[in-house]
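Thanks for coming, everyone. Let's walk through one structure together, strand by strand, and then look at some single residues.

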Amino acid sequence: MSSAEKDGPVRILELYSGIGGMHAAAIESGLLYEIVGSYEINPSALEVYKHNFTTSVKPSNILGLTVDTFIKLRPDLIMMSPPCQPFTRQGLKQDVNDTRTSSFLHVLELLKESPVLPHMILLENVAGFEVSQARGQLVEVLKDRGFAYQEFLLSPAQFGVPNSRLRYYLLAKRKSTPFPFTSSQQIHTEVPVCLCINTSDSSEVCSSCLKPSMVSVRDNIKKYFQEVLHLDIGKGSKIEEFTPPLEKYIIPQNCTKYLLKEKILTKYAQILDIVNKNSTRSCCFTKGYAHYVEGTGSVLQSNISVSLSDIYSEVNALPVEDTDAKLELLRKLELRYFTPEEVLRLMCFPEWFTLPQSLTDKQKYKVLGNSINVLVVTQLLRLLSA
């Protein structure tokens with residue numbers, strides 16, 4: 001672990017803490033830590049956070065964080081996931097000109113001015129952040145303040161999770177403590193350490209994939225699949241080969257309320273991304289899931305006794321105006337949304353993490369869409385703190 005941990009708990013400052021995904025990753029990483037500050041203003045996210053953690057948290061605006069307060073907090077590690085909308089197509093890619101970026105620019109000013117600096121920084125954002133002006137300003141601050149950094153574009157699918165959620169990650173640490181892998185100015189699109197989870201190779205470099213061996217990362221991923229999903233993954237070589245079917249993430253329950261409504265089937269049947277319990281993939285779930293249709297996440301075919309391709313062939317053969325007959329065919333598929341709790345599982349939150357029933361499903365989907373994949377961040381945190 002880091003030099004900070006050797007002297008006691010790593011003092012973590014959470015910025016944009018959301019529902020607590022980064023906090024959950026810190027717990028799952030086994031890091032000895034202490035949360036010294038948590039900043040979040042979304043009421044629904046705060047409700048989920050309070051529901052799962054004993055850490056005292058109240059609405060806190062990052063713009064109110066001063067250099068003096070920052071010095072008093074003395075964070076060893078800053079974990080943050082700034083608002084992604086300024087860097088997305090839906091958000092019109094306004095970048096630093098978007099008012100939602102103002103708090104992040106404030107954080108950069110704090111890092112410029114503070115005489116006390118963290119040892120480490122972990123940042124997550126959407127793919128696209130890597131070409132933003134905000135990223136450019138971040139990198140300049142890191143260079144000026146003596147940080148080494150490595151950028152990544154990674155998806156949970158690379159960790160054996162049947163869900164695509166490509167995200168930008170940045171790990172930064174003071175240059176006096178090097179990374180346990182070879183860093184570069186290029187953005188890594190693969191995990192830089194060995195994920196050959198069945199290997200018994202104890203050498204510093206894996207003889208199979210030729211990547212640095214890091215047993216803690218490999219064992220943590222293996223533990224997740226064995227203890228959470230109850231999978232035997234003792235055969236094969238790489239974690240991608242063990243991607244379990246969605247059945248392992250589906251929670252048996254009455255899901256009638258999650259069935260797609262007739263107007264959705266009628267209007268959007270041709271653009272739905274449909275998976276079933278045997279699928280080993282699903283699309284990224286966004287905050288608009290179950291409210292908007294296109295590009296917000298996959299839907300589940302509950303009835304697999306009928307063929308999806310046959311049903312759609314019959315639907316497409318019918319006259320455009322014959323909506324009743326089309327609906328009758330589409331109903332046979334029993335298409336439904338993944339429940340919020342199933343989305344939570346696909347985002348690899350630990351079993352102890354739950355969503356308060358006081359929130360509506362819409363609120364749950366929204367806060368989940370703004371959160372992180374805990375398994376991915378857990379391994380990056382292990383790399384950062386090694």
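Start with strand β1, residues 10–15, and strand β2, residues 33–39: 6 bridges join them, and they run parallel. Helices here are DSSP runs of H or I with at least four residues, strands are runs of E with at least two, and both are numbered from the N terminus. Two strands pair if DSSP finds at least two bridges between them. Ile12 has Ile35 in β2 as its bridge partner. And β2 is mostly covered, with 5 of its 7 residues buried. Buried means under 20% relative accessible area, exposed means over 50%, and partly exposed is in between, using a 1.4 Å probe and protein chains only.

A word on where this comes from. This is a predicted model, with residues numbered from 1 along each chain as its sequence is written. Local features need pLDDT of at least 70, side-chain atom pairs count only at pLDDT 80 or more, totals for chains, interfaces and linings use all residues, and side-chain values use heavy atoms, with hydrogens and water left out.

Next, β4, residues 120–126. How many of its residues are buried? The count is 7 of the 7, so β4 is largely enclosed by the rest of the structure. Look at its partners. Strand β3, residues 77–80, runs parallel to β4, joined by 4 bridges. Strand β6, residues 167–174, pairs with β4 in the antiparallel sense, over 7 bridges. There, Val126 has Arg167 of β6 as its bridge partner.

As a reminder, strands of a sheet pair through backbone hydrogen bonds, either parallel or antiparallel.

β6 also pairs with β5, antiparallel again, over 8 bridges. Tyr149 stands opposite Ala172 in β6. β5 covers residues 147–154 and is mostly covered, with 7 of its 8 residues buried.

Arg135 sits in helix α6, residues 133–144. Is Arg135 buried or exposed? It is buried, at 19% relative accessible area. Leaving aside neighbours within four places in sequence, Arg135 is in contact with Phe129, Glu130, Tyr149, Glu151 and Tyr168. Contact means heavy atoms within 4.5 Å. Now compare sequence and space: Arg135 and Asp95 are 40 residues apart in sequence, and 9.5 Å apart C-alpha to C-alpha.

Two loop residues next. Arg74 has a phi near 45 degrees, a positive value in a residue other than glycine. Find it in the loop between α4 (67–73) and β3. At 45% relative accessibility, Arg74 counts as partly exposed. Leu210 also has a positive phi, near 65 degrees, and is not glycine either. Leu210 lies in the loop between β6 and α7 (215–228). At 63% relative accessibility, Leu210 counts as exposed.

On to the cysteines. A disulfide is a covalent bond between the sulfur atoms of two cysteines. Here the cut-off is a pair of cysteine sulfur atoms within 2.5 Å. How many disulfides does the structure hold? The count is 0. Cys84 is in none; its nearest cysteine sulfur, in Cys284, is 9.3 Å away. Cys84 is partly exposed, at 23% relative accessibility. Cys194 is buried, at 0% relative accessibility.

Now the sheet β7-β8-β9. Its 3 strands form an open sheet in that order, with mixed pairing. β7 (274–275) and β9 (335–337) stand at the edges with a single partner strand each, so one side of each has no neighbour in the sheet. β7 pairs with β8, residues 299–301, in the parallel sense over 2 bridges. Ile274 has Val299 in β8 as its bridge partner.

A cavity is a set of points, on a 1 Å grid over the protein atoms alone, where a 1.4 Å probe fits but cannot get out; lining residues have an atom within 4 Å of a point. The count is 1 cavity of 30 Å³ or more. The volume of the largest cavity is about 40 Å³, taken as the space filled by probe spheres set on the points, with grid points joined across faces, edges and corners. Its lining has 7 nonpolar, 2 polar and 1 charged residues. Ala, Val, Leu, Ile, Met, Phe, Trp, Tyr, Cys and Pro count as nonpolar, Asp, Glu, Lys and Arg as charged, and the others, Gly among them, as polar.

Notes
On a 1 Å grid over the protein atoms alone, a cavity is a set of points where a 1.4 Å probe fits but cannot get out, and a pocket is an open set with protein on both sides within 12 Å along at least five of seven lines; lining residues have an atom within 4 Å of a point.
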